[in-house]
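Please keep the sequence and the 3D view at hand while reading.

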Amino acid sequence: MKQIIASVGLAAFCIGSAAALEAKGSFDITLKPVKAEQRDGDSRGRMLFDKRFSGGLSGESDGEMLTAGSPSKGKAGYVALERFHGTLDGREGSFVMQHSGIMDTGREELSIHIVPDSGTGQLAGIRGTATIIRTGGKHFYTLSYTLP
């Protein structure tokens, strides 16, 4: 059963006895490379980033990313922690997301999870996952989540 509430752009899905919510929208990102100590042949890097979200998530986030590999050759990996603060479908608060991603010559895998017990304010107790799609130079997200 799918119910769409157009005024806030969220969909509710009944999954067994629990209802999972879905928020969608877009974001802009600014990356700031940080000089990392490297040894010969070391391909590791570090970046700070800021995002501005619109849609179901409305607000900002800041985070830190560690990278390795050769992105110019299409082979790299990254991990990141990102703290969002703002509103999620009208509920105010913050939460932390943990990223883990790999790209290998055209194949990409990305896992983003909300860190348990990281929610504050009206987002306390939030759990969920996110996906990101890059299209035409823009970033779009889908956040699937539950709240107590």
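## Aromatic pairs

Across the whole structure, a search finds 4 aromatic pairs, a pair being rings of Phe, Tyr or Trp (its six-membered ring) with centres within 6.5 Å, called stacked if the planes are under 30 degrees apart, edge-to-face if over 60 and tilted for the rest. The pair of Phe53 and Phe84 is edge-to-face because the ring centres are 5.5 Å apart and the planes stand at 85°. This pair links distant parts of the chain, since Phe53 belongs to strand β4 and Phe84 to strand β6, 31 residues apart; strands (E, at least two residues) are DSSP runs, numbered from the N terminus. The model is predicted, so that local features need pLDDT of at least 70 and side-chain atom pairs count only at pLDDT 80 or more, whereas totals for chains, interfaces and linings use all residues. Residues are numbered from 1 along each chain as its sequence is written, and side-chain values use heavy atoms, with hydrogens and water left out.

Both Phe53 and Phe84 are buried, a word used for under 20% relative accessible area, against over 50% for exposed and partly exposed in between (1.4 Å probe, protein chains only). Phe53 also forms an edge-to-face aromatic pair with Tyr141, at 5.5 Å centre to centre and with 70° between the planes. Because Phe53 lies in strand β4 and Tyr141 in strand β11 (residues 138–146), this pair ties together parts that are 88 residues apart in sequence. Phe53 has a relative accessibility of 8% and therefore counts as buried, and Tyr141, at 5%, counts as buried too. Ring pairs join Phe27, Phe53, Phe84, Phe95 and Tyr141 into a cluster. Over the face of Phe27 lies Lys51, at 4.4 Å from the ring centre (for a charge over a ring, NZ of Lys or CZ of Arg is within 6 Å of the ring centre and within 35 degrees of the ring normal).

## Buried serines

Ser94, found in strand β7, is buried with a relative accessible area of 4%. Its side chain is joined to that of Thr120 by a polar contact of 2.6 Å, meaning a pair of N or O atoms within 3.5 Å, where within protein one must be able to donate a hydrogen and the other to accept it, and residues adjacent in sequence count only if both atoms are side-chain atoms.

Ser118 lies in the loop between β8 and β9 (120–121) and is buried as well, with a relative accessible area of 14%. A polar atom of the Ser118 side chain lies 3.0 Å from the backbone nitrogen of Val96, and a polar atom of that side chain lies 2.7 Å from the backbone oxygen of Val115.

## Enclosed space

The search of the whole structure finds 1 cavity of 30 Å³ or more; on a 1 Å grid over the protein atoms alone, a cavity is a set of points where a 1.4 Å probe fits but cannot get out, a pocket is an open set with protein on both sides within 12 Å along at least five of seven lines, and lining residues have an atom within 4 Å of a point. The largest cavity has a volume of about 70 Å³, and of the 14 residues that line it, Phe53, Met97, Ala130, Ile132 and Tyr141 are the closest to its centre.

## The largest pocket

The largest pocket holds about 770 Å³ of space and is lined by 29 residues, with Met65, Tyr78, Met103, Leu110 and Arg134 nearest its centre. Strand β4 gives the largest share of this lining, 5 residues.

Methods: Grid points are joined across faces, edges and corners, and a volume is the space filled by probe spheres set on the points. Helices (H or I, at least four residues) and strands (E, at least two) are DSSP runs, numbered from the N terminus.
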